[in-house]
Amino acid sequence: MRLEPIANPGLVRRLGFPAVALAVTVVIGSALAMLAGADPFATLGLIVKGAVGSRFAALETLNRATPLIFTGLSVAVAFRAKLWNIGAEAQLYAGALVTVLLGTGALAWPALPLLAVIALAAMLAGAVLLLGPVVMKTRAGVDEVVTTLLINFIMLLVISMLLEGPLKDPMGMGWPKSAPLQKAARLPRLFEGLRLHWGFGLALISALVVWVIQTRTTLGYEIRAVGQNAQAARFAGIPVNRVLLKTAFLSGGLAGLAGFSEVAGLKGNLTLDLSPGFGYTGIIVAMLALLHPLGVVLSALFVAGVFVGSDSMSRAAGVPTYIADILLATALLLMVLALLLTRFRVVRD
Amino acid sequence: MEIFDILVSASFWAAMVRIASPLIFATMGELICERAGVLNLGIEGIMVIGAFAGWMTVYAGFGLWAGVAVAMLAGMAFGALHGVLSVPFGLSQHVVGLGVTLLATSVAYFAYRLALPEVTSPPKIVPFQPFEVPILSQIPLVGPAFFAQTPMTYLAFAVVAVVALVLYRTPLGLALMAAGENPASVAAQGLSVTAIRMGAVIVGSGLMAVGGAFLTISAFSSFFFEMVNGRGWICIALVVFGGWKPGKALLGALLFAGFDAAQVRMQQTPLGAEVPYQVFLMMPYILSILALIVMSRRASVPAALMVPFNKGER
């Protein structure tokens, strides 16, 4: 077989294949629920209900989506330039670490300047962590997939070391966790009386900013050019390495903000289980959004909904919560295939 | 001088080879894939599914070798999925690989929870026992390291020999390497690049899964969540470190495992009491990165790695 590009794919084709991909995902989900001895329709219903069925559920989904918007944007920005940053997890922790370092009494400032400085420092920390792999890539040709992945493991060990050592909360009853943030370093709630913090607002603003950068600035144009064909971009006079460094700053910075938002907005301190893989899930979020920054918001909400809904379904119906990961992985693989088939026709030789 | 004491202890050398064994299987698997032109980032998840499938088979009452076979088949199934998406359809190997890792990992965890919903401590099986080769196992240091291991470790070394032989001494191996260097030349000879690459990804994934199974049915006796713990990613670094050559990759795996065995023992020394244990645990990852930097300059990456091949396209 071979693939033949289609000049003008029709609407049926452009919508049909993604719809089939989603339908197959739902069928697989139902089959898994039946395997676990549960009624498939009831299971799917419980997932939807657990994600958006009540005010509490919906807020939980929005809270879970917040870090995913940041890490999804981080991945989307990097992948657009074909910079394979799989290290958002470590960059998130770098941002969280800086938040705790600066927000537990180091600076006795009022809330607004304190939060601004901490947010910037968290971005910088995430960015710096990605600079290493990028410099290794541009200078020595080391594949950044492996280096960013390995740094995730190193970073978690660094955090573990600090939480059991200098950062350990003396009032923490022996648990490896940091001291709580001072009040001024906590992100306030978005609306009075709603359990949703300003991190969510910051995430939405970040998505808009990234969208503006990508569509309205020279850097956005350069990032796209480098991603499409680095050699051609170099030939056209675009400083490819410098563009990659800028991309890394943006990407690492966004992941750093995820750590800031989780610590300052939600948790109030740093623990080793701050992120249940938000950095890795950000890859799915970005891919489902086709790397589009505004799409990232929607896909983060969808992914967060699947996770929150599955947690609640699992408690009620007894289907293991890992069904969420299976559904998302299936959706991801089927969706990239479906999107290919909207543009190409399979021809027999 | 603790380091010297560690280096002359038989248990250190035995541990080195034991720790290297799963890495050897999986590194050979990844090497085959990459030599044919496909970066297989599914490796981490395929090792998890292999660890689970092998263990579950034995736990269900079948033999240890049946466990190895089932693990391999499970790995090949996910390899086939990776292959179909990344070879004929030519989708991004990064996305497909990470997707396969997530899928294989979550399928393993889901199936484990389904099969054993109630357990608090993971149940055990009777794993492979060491087999002492007569006479040879009595040689100081070398004996315990290479001739008093479980059958799966011997199998790992045999796999390296077979992979090297097939790659360099058979037409199939030459065609496979050509598919990763210059696929158009393979197609010009009337061979199917798609078939060769698919075969490489499927067989390679089978080996990765056997590497995972080593953890549950040879090294340990239970299946734990997170037990693969980045070993797959390390194998990708080992392929680069070995310059895409089986012999050098084997050396890399042994070297890496040696550092790992040493760091565990260093934790028990007076130095280990001073330094946080996390510093020792991060050494293997840091070493992998350093090795990548040192080796990448002279490494000869397969020219068509990550380049999809669509016949009739120039």
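In the predicted model, 45 residues of chain A are in contact with 44 residues of chain B. The two chains bury an area of about 4,000 Å² between them, and 83% of this area comes from carbon and sulfur atoms. Between chain B and chain A, zero salt bridges are counted, while four residue pairs are in polar contact, with both residues at pLDDT 80 or more. On the side of chain B that touches chain A, at least two residues each are supplied by helix 4 (64-86), helix 5, helix 11 (231-241) and helix 14 (277-296) of chain B. Helix 5 of chain B accounts for the largest share of that side, 14 residues. The class composition of the side of chain B that touches chain A is 31 nonpolar, ten polar and three charged residues.

The second largest pocket holds about 1,400 Å³ of space. Its lining consists of 42 residues, of which Pro276(A), Gly277(A), Tyr280(A), Asp325(A) and Glu226(B) are the closest to the centre of the pocket. In chain A, two or more lining residues are given by each of helix 3 (55-80), helix 4 (88-103), helix 6 (144-164), helix 11 (278-288), helix 12 (293-317) and helix 13 (323-343); in chain B, the corresponding elements are helix 3 (43-59) and helix 5 (93-115). Helix 5 of chain B gives the most to this lining, with seven residues. Sorted by class, the lining of the second largest pocket comprises 24 nonpolar, eleven polar and seven charged residues.

How values were computed: Residues are numbered from 1 along each chain as its sequence is written. Chains are lettered from A and ligands numbered from 1 in the order in which they are written. This is a predicted model: local features need pLDDT of at least 70, side-chain atom pairs count only at pLDDT 80 or more; totals for chains, interfaces and linings use all residues. Side-chain values use heavy atoms; hydrogens and water are left out. On a 1 Å grid over the protein atoms alone, a cavity is a set of points where a 1.4 Å probe fits but cannot get out, and a pocket is an open set with protein on both sides within 12 Å along at least five of seven lines; lining residues have an atom within 4 Å of a point. Grid points are joined across faces, edges and corners, and a volume is the space filled by probe spheres set on the points. Helices (H or I, at least four residues) and strands (E, at least two) are DSSP runs, numbered from the N terminus. Ala, Val, Leu, Ile, Met, Phe, Trp, Tyr, Cys and Pro count as nonpolar, Asp, Glu, Lys and Arg as charged, and the others, Gly among them, as polar. Contact means heavy atoms within 4.5 Å. Buried area is the accessible area (1.4 Å probe) that two parts lose on being put together, summed over both. A salt bridge is a side-chain nitrogen of Lys or Arg within 4 Å of a carboxyl oxygen of Asp or Glu. A polar contact is a pair of N or O atoms within 3.5 Å; within protein, one must be able to donate a hydrogen and the other to accept it, and residues adjacent in sequence count only if both atoms are side-chain atoms.
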